[in-house]
Amino acid sequence: MTSNTSTAQQRLIDADHAHLLHPFSSLYSQKNKELAFFESGEGIWLTSASGEKYIDAAGGLWCTNVGYGRQELVDAASSQMSKLCYLHSFSNFTHEPQIELTEKLLSLLPSGFDRIFYGLSGSDANDSNVKLIWRYNNVLGRPEKKKIIARESGYHGSTVTAGSLTGITAAHRAFDIPRPGFLHTVAADWHRRPDHIATEEEFVRYLADELEKLILAEGPDTIAAFFAEPISGSGGIIPPPAGYFEAIDAVLKRYDILMVADEVITGFGRTGTWFASPRYNIKPDLMTLSKGITSGYLPLSASVLSERVSKVLYSEAEADGAFGHGFTASGHPVCTAVAMANIDILEREKLPENAAKVGAYLQNQLREQLGDRPFVSDIRGEGLLMTIEFDKDKETRTPFVQASKAGHFAIQACHDEKLVIRGARGRALAAMAPPLTLTESEADQIVERLLRAFTRIEDAMHKGEFD
Ligand code: PLP
C-alpha cells in the first residue's frame, strides 16, 4: 500500500490478488505483483487510481483507435441501449445497426467481399473463419482439404482454434495446442532472417519455398487455408519484406488454398489506410476484423467473406439446412451501433490519414533520436504501429540471451516514466500503437519519455544484466 492508496482501493487490490485470473499473466507472480490500476482515460491519456497521468502509447491492446473518452460513443451506446438493448440475430431476426454497419464495412473494405458474420473477439472471428473454410471445402466435396497453415510469431488469438493458429510457442505449451491440422511456416521476419540470406528478394524466395515445401510434404489436397496478419503485431511488429505476399499468393493459387488476412490490429486506419491488405497486395478470400472496429469501447468482431467463398457456402444452402454456428451476442445492437459511430469519427476526423502522417513523424523522431543508440538494432512499422527492437549486438542482430527479461525491463522503465508500451514474448521490444488522434506534439512527449527511460534501459544492458 503506497501513501496514495486509500483503504477502499486497498480492499479492491487485495480482492484482485485473491480472486482474479488475469489474461496472459504469470499465475505465480500475479498474486503479489503491483497492479497497474487505472480509473479513467481521455485521448491518449490514462489516469491511474492514484491520479497519475500516463501516455498510453500501446493504445490498450492496439485497439483504442479514436482514443479514450469519446462522449459520442457513449451516447451511441446509451441511445441504442434505451431503444433496443438486445436482439439476437439467429434465423430471421435483425435490427438496423447491424445492417447499417455491414453496408458501411463493405463500402470501406477492398472490393470482392459480400458477407459478414459478427462475433465478439478476434479469436472467435478466426474460429468462425476456420469453420467457414471447413464448410466451404465440405460443400465443394473435398472433406480432406482441412489443414490450416499460419506463421511462426503470428498471433491470431487464444481460444483452442485461434490459439492453434497462433505461432507463438509460449501460448501453446501449457495447453496441448496447436491441435492436429494446424501448421506453421517461417515468419516473414527480415530482422531475424537466417544469416545466409543477403537480400529481401532472396528472403521472399526462401519464404515462398518454405511454404511450398510444407504444402507438398503435407499433401496439397489436405491444405485448406493460409492465415496471416499483414503486419504481425503481438509477435513483434513485423512488416513483410517487399514482394512477400505476391510470392505467397502465387503458391496458394497453385494449390487452390484460401488466403485469410487477419486485420484485427491493422484494420481501421492503424497503418495509415483503412485496411493494410491493399498496401501489400494481399488478395484475401476472408478477413478477420476486431479491435479498432469499436476502438475497444465494446467487444465486436467480424468474419468477412469474399464472393468466392460465400457463393460456395450459399450454393448448398437449401440441402444443408440450418447454418449451425453463431453466438448469443452475434451482431449485438449496442456493439454494432457503437462501431458505426466509431467509424464515423475515423472518417470525419480523417484518422487513417493522421496515422500515416503522425506515424511517419514519430518513426522519424525515433530514428533521429534513438537510431544510433548502442542496443537499438531496428526501428520499424507502418502508420501508428511501430516498434524499437533491442539486441545485444546490433551489427550481427544477436539477441540478448534473456530477451524477454530485457523486454520486461524496458516496459517497466517506460512505465516508471508514465509511458505505456508493449513487448513481445522472447524479444526485447518497445512496441507502440497509440490512438490515431496522436498529434506531433504528443508524439514528441512519447519520445521525451522514451529518452528518459533509455538511460536506465541502456545502463542495465551495458551492465550485462540480460547476457
Ligand atoms: N488476431 C490478431 C492479429 C490479434 O492481434 C489478436 C489479439 O491481439 C487476435 C486476433 C485475438 O483477438 P482477441 O484478443 O479479441 O480474441
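S295 is found in the loop between β9 and β10. Helices (H or I, at least four residues) and strands (E, at least two) are DSSP runs, numbered from the N terminus. The model is predicted: local features need pLDDT of at least 70, side-chain atom pairs count only at pLDDT 80 or more, and totals for chains, interfaces and linings use all residues. Residue numbers start from 1 along each chain as its sequence is written.

S295 has a phi near 55°, a positive value in a residue other than glycine. S295 counts as buried because it has 28 C-beta neighbours inside 10 Å. The burial scale works as follows: buried means 20 or more other C-beta atoms within 10 Å of the residue's own, exposed means 12 or fewer, and partly exposed lies in between, with C-beta atoms placed from the backbone.

D467 also has a positive phi, near 65°, and is not a glycine. D467 sits in the segment after α14. With 10 C-beta neighbours inside 10 Å, D467 counts as exposed.

Two further residues have computed neighbour counts. G272 is in the loop between β8 (258–262) and β9, and E458 is in helix α14 (residues 440–462).

| Residue | C-beta neighbours inside 10 Å | Class |
|---|---|---|
| S295 | 28 neighbours | buried |
| G272 | 23 neighbours | buried |
| E458 | 16 neighbours | partly exposed |
| D467 | 10 neighbours | exposed |

Distances along the chain and in space can be set side by side. G272 and G324 are 52 residues apart in sequence, and their C-alpha atoms are 37 Å apart. E458 and V376 are 82 residues apart along the chain, with 9.5 Å between their C-alpha atoms.

One peptide bond is also worth a look. I177 and P178 are joined by a cis peptide bond, with omega about 5°. P178 lies in the loop between α6 (160–165) and β6.

β6 runs parallel to strand β5 (residues 147–151), joined by four bridges. Strands pair if DSSP finds at least two bridges between them. The bridge partner of I149 in β6 is L183.

How many residues of strand β10 (residues 301–306) are buried? Six of the six are, so the strand is largely enclosed by the rest of the structure. S301, S303 and L305 point one way from β10, while A302, V304 and S306 point the other way. In a regular strand the side chains alternate between the two faces of the sheet.

β10 has antiparallel pairings with β4 and β9. Six bridges join it to strand β4 (residues 113–119), where R115 has L305 as its bridge partner. Four bridges join β10 to strand β9 (residues 286–289), and M287 has V304 as its partner.

I388 stands opposite A430 in β15.

A second open sheet of four strands has the order β1-β2-β3-β13, with mixed pairing. β1 (38–42) and β13 (419–420) stand at its edges with a single partner strand each, so one side of each has no neighbour in the sheet. β1 and β2 (residues 45–48) run antiparallel over four bridges. S40 has T47 in β2 as its bridge partner.

**Ligand shell**

Of the 15 residues around the ligand, S121, G122, S123, G157 and V264 come nearest. A residue is near a molecule or strand if its C-beta atom, placed from the backbone, lies within 6 Å of it. Helix α5 (residues 122–139) gives the largest share of the shell, three residues.
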